[in-house]
Amino acid sequence: QAQLVESGGGLVQPGGSLRLSCTASISFFSLTSWAWYRQTPGKQREVVATISNNGVTTYSGSVQGRFTISRDNAKKSVHLQMNNLKPDDTAVYYCNQPTGTTSVAHNWGQGTQVTVSS
């Protein structure tokens, strides 16, 4: 089990940007895929973006073209650059290592709150 620590959230106006970061205390960070997820009250956690061990990325339709996921294997970190934020992006954001469609490898971290509001 890795310890996951997310940071970088905050309050931003619609159209603004934020950059989220996640560090993972795991030995084989560079060998695995990573993903960002988000959750709002009363809803299931959803995948926002994924990045494979060789850098291939995927995005949910709602963030395609606005969000960019990246990784820094030397620092065992994964980032999410979020541009042109919308109120619907308001959520708690988490990172984890996906092991299937809905399963993940590690206990969830505390997440980081993103609030998009004018």
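**Reading the sheet, the core and the charges**

Modeller: Let us begin with the sheet: six strands form an open sheet in the order 2-10-9-4-5-6, with mixed pairing. Strands here are DSSP runs of E with at least two residues, and helices would be runs of H or I with at least four, numbered from the N terminus; two strands pair if DSSP finds at least two bridges between them. This is a predicted model, in which local features need pLDDT of at least 70 and side-chain atom pairs count only at pLDDT 80 or more, while totals for chains, interfaces and linings use all residues. Residues are numbered from 1 along each chain as its sequence is written, and side-chain values use heavy atoms, with hydrogens and water left out.

Biologist: How should I read a nonpolar core, and how many residues has the largest one?

Modeller: In soluble globular proteins, nonpolar side chains tend to be buried together. A nonpolar core is a set of buried Ala, Val, Leu, Ile, Met, Phe, Trp, Tyr and Cys residues joined through side-chain atoms within 4.5 Å, where buried means under 20% relative accessible area, exposed over 50%, and partly exposed in between (1.4 Å probe, protein chains only). Here the largest such core has 26 residues, and among those with the most contacts inside it are W36, F67 and Y93. Strand 3 gives the most to this core, with four residues.

Biologist: And salt bridges: how many does a search of the whole structure find?

Modeller: Side chains of opposite charge can pair when their charged atoms come close. A salt bridge is a side-chain nitrogen of Lys or Arg within 4 Å of a carboxyl oxygen of Asp or Glu, and the search finds three. R38 meets E46, with the closest N and O atoms 2.7 Å apart, and R38 also meets D89 at 2.9 Å, N to O. Because R38 lies in strand 4 and D89 in the loop between strand 8 and strand 9, this second pair ties together parts that are 51 residues apart in sequence.

Biologist: Which residue forms the remaining salt bridge with D89, and are the two buried or exposed?

Modeller: R66 does, with the closest N and O atoms 2.7 Å apart, and both R66 and D89 are buried. Through shared partners, salt bridges join R38, E46, R66 and D89 into one network.
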